[in-house]
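Please open the structure in your viewer and keep the sequence beside it.

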Amino acid sequence: MSGFVESLRLENAAGWDGCVKHRYVDELLAGTISDEVMGRYLVQDHRFIDAFVTLVGAAVASADQFESRLRLGRFLGMVCSDENDYFIRSFAALGIGDERHDIPDAAPTAGFKALMKEAAATRSYAAIMAVLNVAEGLYLDWAQRLDGPMPENFIHSEWIVLHDNPFFVDFVTFLKGELDRVGPAEAEVARDFFRRAVDLELAFFDAAYEGDA
Ligand SMILES: Cc1ncc(C[n+]2csc(CCO)c2C)c(N)n1
């Protein structure tokens, strides 16, 4: 397949594959990831989701057509309901209480929050689509690597299913189409945000294994 998004993916193949084949993904799909690593990851990722919701809100505001706004709005509803619920249930199951609010942002979390804020502030639909294509496309790619049995622990299985289900597959296809449509007119801006997002995704997975994150 050729196209703008495909070219960005190829330019960032090393970082993209580094995420999809990351130790975090291997251990999650195998159901062997430790509670400590998964808990550390989820505490940071819940912060990411907060900024992410802001970014999707900016996408709703900057989209150039009603049909796109509707798709983004439906997706935003899912993240704010089902996905947020998953975090709350997982924190309870892992015994992670309110003390999680005292844990500082790891460097990649802070970096991602800044990148998403910056993309939202550009009010450029192309810049926002570049970040969303990485954040969503990359998660679909790793989730689709599952070829063994689904892990039994709901914290693992639901996290996989959230990123590989028909609604999500369809949404990632939509995001690709949007960036292929609006990206070429703002190619350098889109390329820059895409590359920085891939680098941060890799650092985000790495941070889950750094004890003092
Ligand atoms: C660092 C980081 N990057 C990307 C995602 C992926 N993601 C964020 S919200 C959402 C919507 C559907 O689950 C998806 C796929 C993540 N969780 N954490």
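Each stop below names what to select and then says what is there.

**Before you start**

This is a predicted model, in which local features need pLDDT of at least 70 and side-chain atom pairs count only at pLDDT 80 or more, while totals for chains, interfaces and linings use all residues. Residues are numbered from 1 along each chain as its sequence is written.

**The whole protein**

Show the protein as a cartoon, and you will find 10 helices and 0 strands, where helices (H or I, at least four residues) and strands (E, at least two) are DSSP runs numbered from the N terminus. Read from the N terminus on, the elements run α-α-α-α-α-α-α-α-α-α. The radius of gyration, taken over C-alpha atoms, is 17 Å, close to the 17 Å that the globule rule gives for 213 residues, so the protein is as compact as a globular protein of that length; the rule itself is 2.2 Å times the number of residues to the power 0.38. Along the principal axes, the C-alpha atoms fill a box of roughly 45 × 35 × 30 Å.

**α6 and α7**

Next select helix α6, residues 107–122, together with α7, residues 125–143. Their axes come within 7 Å and cross at roughly 150°; axes here are lines fitted to C-alpha atoms, for helices over the stretch in contact, and angles run from 0 to 180 degrees between N-to-C directions. The two helices are therefore roughly antiparallel to each other, a term for angles over 145 degrees, just as angles under 35 degrees count as roughly parallel. Show side chains, and Leu115, Met116, Ala119, Ala120 and Thr122 in α6 meet Ala127, Ile128 and Val131 in α7, with contact meaning that C-beta atoms, placed from the backbone, lie within 7 Å. The residues of this contact divide into 7 nonpolar, 1 polar and no charged, where Ala, Val, Leu, Ile, Met, Phe, Trp, Tyr, Cys and Pro count as nonpolar, Asp, Glu, Lys and Arg as charged, and the others, Gly among them, as polar.

**α7 and α10**

On the α7 side the contact includes Ala126, Ala130 and Leu138, and on the α10 side it includes Val189, Phe193 and Ala197. By class, the contact of α7 with α10 has 13 nonpolar, 1 polar and 1 charged residues.

**α2 and α10**

Now keep α10 and select α2, residues 13–20, whose axis comes within 9 Å of that of α10 and crosses at roughly 30°. These helices, too, are therefore roughly parallel to each other. Gly15, Trp16, Gly18 and Cys19 of α2 make the contact with Val198, Asp199, Glu201, Leu202 and Phe205 of α10.

**The ligand**

Finally, which residues are closest to the ligand? Of the 13 residues that surround the ligand, the closest are Phe48, Ala135, Tyr139, Leu162 and Phe204, a residue being near if its C-beta atom, placed from the backbone, lies within 6 Å. By class, the shell has 8 nonpolar, 1 polar and 4 charged residues.

Technical notes
Parallel < 35°, antiparallel > 145°, perpendicular 65-115°, else oblique. Contact = placed C-beta atoms within 7 Å.
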